[in-house]
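Visitor: Please take me through one part of this model in close detail. I would like the pairing of its strands first, then the packing of its helices.

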Amino acid sequence: MGELRDERVDLEIISTDLVYEGAVWNVRSDTVRYGDGQMTRQYVEHPGAAAVVAIDDDGRVVLIQQYRHPIKERDWEIPAGLLDVAGEPPIETAKRELTEEVYLEADRWQHLISMHTTPGGNDEVVHVFLARGLRSVETDYEREHEESDMRVERVPLAEVVDGVLAGRLRNGILATGALAAAEVLRREAAAS
């Protein structure tokens, strides 16, 4: 079989229509040639995002809690933001979001993973980074909407992993990022 990896497929797009144009993402309907026939699929067209598992010197993850209307919950998340600045690399978006959302900068950055959040429904890719060597910074960024009453906490990584595995923390980007960070740290400890 060789190395296990996702495989890119470029199908002939017979037609594509913009069904809805939104402020952040759009809904598109594509008809593609598939096998001996064709199929039509609707999906959310998304700019992508970058997220940060920021771990302090005490092994605590910086978490934020904010209201998310589609799920009607205040869920726990890691700092993240849209790739909405033209030409900005995902690592720079991650750095900007860490500063804007939790007033931190980091000395060491490492790419953890890039993931499709919901491949059957949107084309979003989230790039998750591990940030260490945290320090506080001043910023003039003003939080709005869901961010206006955002809660920020530092929680031991093991506690976050326990919450994910127990189903108490269900944000997919938080879950994937925390599990990936825990494995990277485990491998580093085993190698030393």
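Guide: Start with strand β4, residues 49-54, which pairs with β9 in the parallel sense. That pairing runs over 6 bridges. Keep in mind that this is a predicted model.

Now turn to strand β8, residues 104-116. β8 and β9 run antiparallel, and 11 bridges join them. Here S114 stands opposite H127 in β9. So much for the partners; next comes β9 itself. Strand β9 spans residues 125-136 and is mostly covered. Of its 12 residues, 9 are buried.

The helices come next. Two packed helices are described by the angle between their axes and the distance between the axes. Helix α2 covers residues 157-165, and helix α3 covers residues 172-191. They pack at an angle of about 130 degrees, and their axes lie 10 Å apart. That angle makes α2 oblique to α3. The crossing in which α2 passes α3 is left-handed.

Which residues make the contact? From α2 come L157, V160, V161 and V164. From α3 come L174, A175, A178, L179, A181, A182 and L185. By class, the contact of α2 with α3 has 11 nonpolar residues. It has no polar and no charged residues.

To recap the strands: β9 pairs with β4 in the parallel sense, and β9 runs antiparallel to β8.

Methods: Residues numbered from 1 in each chain as written. Predicted model: local features only at pLDDT ≥ 70, side-chain atom pairs only at ≥ 80, totals over all residues. Heavy atoms only, no water. Axes fitted to C-alpha atoms, helices over the stretch in contact; angles between N-to-C directions. Helix = DSSP H or I, 4+ residues; strand = E, 2+ residues; numbered from the N terminus. Parallel < 35°, antiparallel > 145°, perpendicular 65-115°, else oblique. Left-handed = near helix turned anticlockwise from the far one by under 90°. Contact = heavy atoms within 4.5 Å. Nonpolar A, V, L, I, M, F, W, Y, C, P; charged D, E, K, R; others polar. Buried < 20%, exposed > 50% of the residue type's maximum accessible area, 1.4 Å probe, protein only. Pairing = 2+ DSSP bridges.
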